[in-house]
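This report is written for a reader who meets the structure for the first time. Please keep the sequence and the model in view while reading.

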Amino acid sequence: MNVLILGGTREARELADRASGERGFDIVSSLAGRVSDPLLPPGAVRIGGFGGAEGLREWLADNKIDAVVDATHPFAGTMSAHAATAAGALGVPLLHVRRPGWTEQPGDHWIRVPDLAAAAEALADLGERVFLTIGRQGVAAFAGLHRHWFLIRAIDPPEGAVPIRHQLLLARGPFPVAEEAGLLAEHRIEVLVTKDSGGTLTDAKLTAARAAGLPVVMVDRPALPPGGAVVDSAVEAWNWLRRKQTEK
């Protein structure tokens, strides 16, 4: 069974680890190539784009792919849409793996917004010293805010416009709660901006913000495209693949 895993997440690596050594599965993991030093999954890996939905459709057909697992980041909406279009055109089974989003806890003060533009607007009524943890993409949405100071944390430097008043912190999680609390205090952070990525690798910042009584601007996930099944873990994804293999 030839399987394409659209990866870049911990769930994608866990699934590749489970499936790569199993008889009857030929696994290829695909990474977008947007991180300079990605964490590679076991097994065969391709890096780079496909050329849109049509390019992906051709790649699936040329490589005789029997199933596609979309285990991309919850905010990789374009790739998920391309996967749904390409798999749907060929009648290839498609599975979306989406870890659960974060849940507001007692003591939290979250302001949920639909996108990064709305997050930038929300800062007008909040603090001036901002901890921006949205990755390197989308930082330009905050470039026009001259009154605010930003601590921008990402794995790689942002591309495009950045806020005039900022400090860049290049780091990869996980981050301990004590370290996050120290960062908030050291930089006198007044508000946190983050995406609802879910998972445990980067949720310590939410615990630290709660303890400090800071507001959190939480960007909601884009909706998944129609078509395809949905699970929330690598274990469930592996069970889905095994069922598809028996149906093949």
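The model is predicted: local features need pLDDT of at least 70, side-chain atom pairs count only at pLDDT 80 or more, and totals for chains, interfaces and linings use all residues. Residues are numbered from 1 along each chain as its sequence is written, and side-chain values use heavy atoms, with hydrogens and water left out. Helices (H or I, at least four residues) and strands (E, at least two) are DSSP runs, numbered from the N terminus.

**Helix 2**

Helix 2 spans residues 52–62, and A53, G55, L56, W59 and L60 are buried in it; buried means under 20% relative accessible area, exposed over 50%, and partly exposed in between, with a 1.4 Å probe and protein chains only. Seen down the axis of helix 2, these buried residues fall within an arc of 160°, so they line one face of the helix. The arc is that of the directions from the helix axis to the C-beta atoms. The buried residues pack against strand 1 (2–6), strand 2 (26–31), strand 3 (44–47), strand 4 (67–70) and helix 3 (77–90). Just after helix 2, K64 takes a positive phi of about 50°.

In helix 5 (residues 177–186), the residues E180, L183 and L184 are buried. Viewed down the axis of helix 5, they fall within an arc of 100°, so they line one face of the helix. The face turned away from this buried side carries the exposed residues A178, A185 and E186. The cover over the buried residues of helix 5 includes strand 7 (129–133), strand 8 (149–154), strand 9 (166–170) and helix 6. Just after helix 5, R188 takes a positive phi of about 55°.

Helix 6 (residues 204–212) contains A208. A208 is buried, with a relative accessible area of 4%. Leaving aside its neighbours within four places in sequence, A208 is in contact (heavy atoms within 4.5 Å) with V177, E180, A181 and L184. The C-alpha atoms of A208 and A185 are 9.9 Å apart in space, and the two residues are 23 residues apart in sequence.

**Salt bridges**

A salt bridge is a side-chain nitrogen of Lys or Arg within 4 Å of a carboxyl oxygen of Asp or Glu. A search of the whole structure finds ten salt bridges, and the table gives some of them.

| Salt bridge | N to O distance |
|---|---|
| D220 and R112 | 2.5 Å |
| R153 and E180 | 2.7 Å |
| K244 and E247 | 3.5 Å |

The side chains of D220 and R112 meet in a salt bridge. This pair links distant parts of the chain, 108 residues apart: D220 is in the loop between strand 11 (216–219) and strand 12 (229–231), and R112 is in strand 6 (residues 110–113). D220 counts as partly exposed at 27% relative accessibility, and R112 counts as partly exposed at 39%.

R153 and E180 also meet through their side chains in a salt bridge. This pair likewise links distant parts of the chain, with R153 in strand 8 and E180 in helix 5, 27 residues apart. Both R153 and E180 are buried.

K244 and E247 are three residues apart in helix 7 (residues 234–247), and therefore separated by about one helical turn. K244 counts as partly exposed at 23% relative accessibility, whereas E247 is exposed, with a relative accessible area of 55%. Salt bridges that share partners join R112, D196 and D220 into one network.
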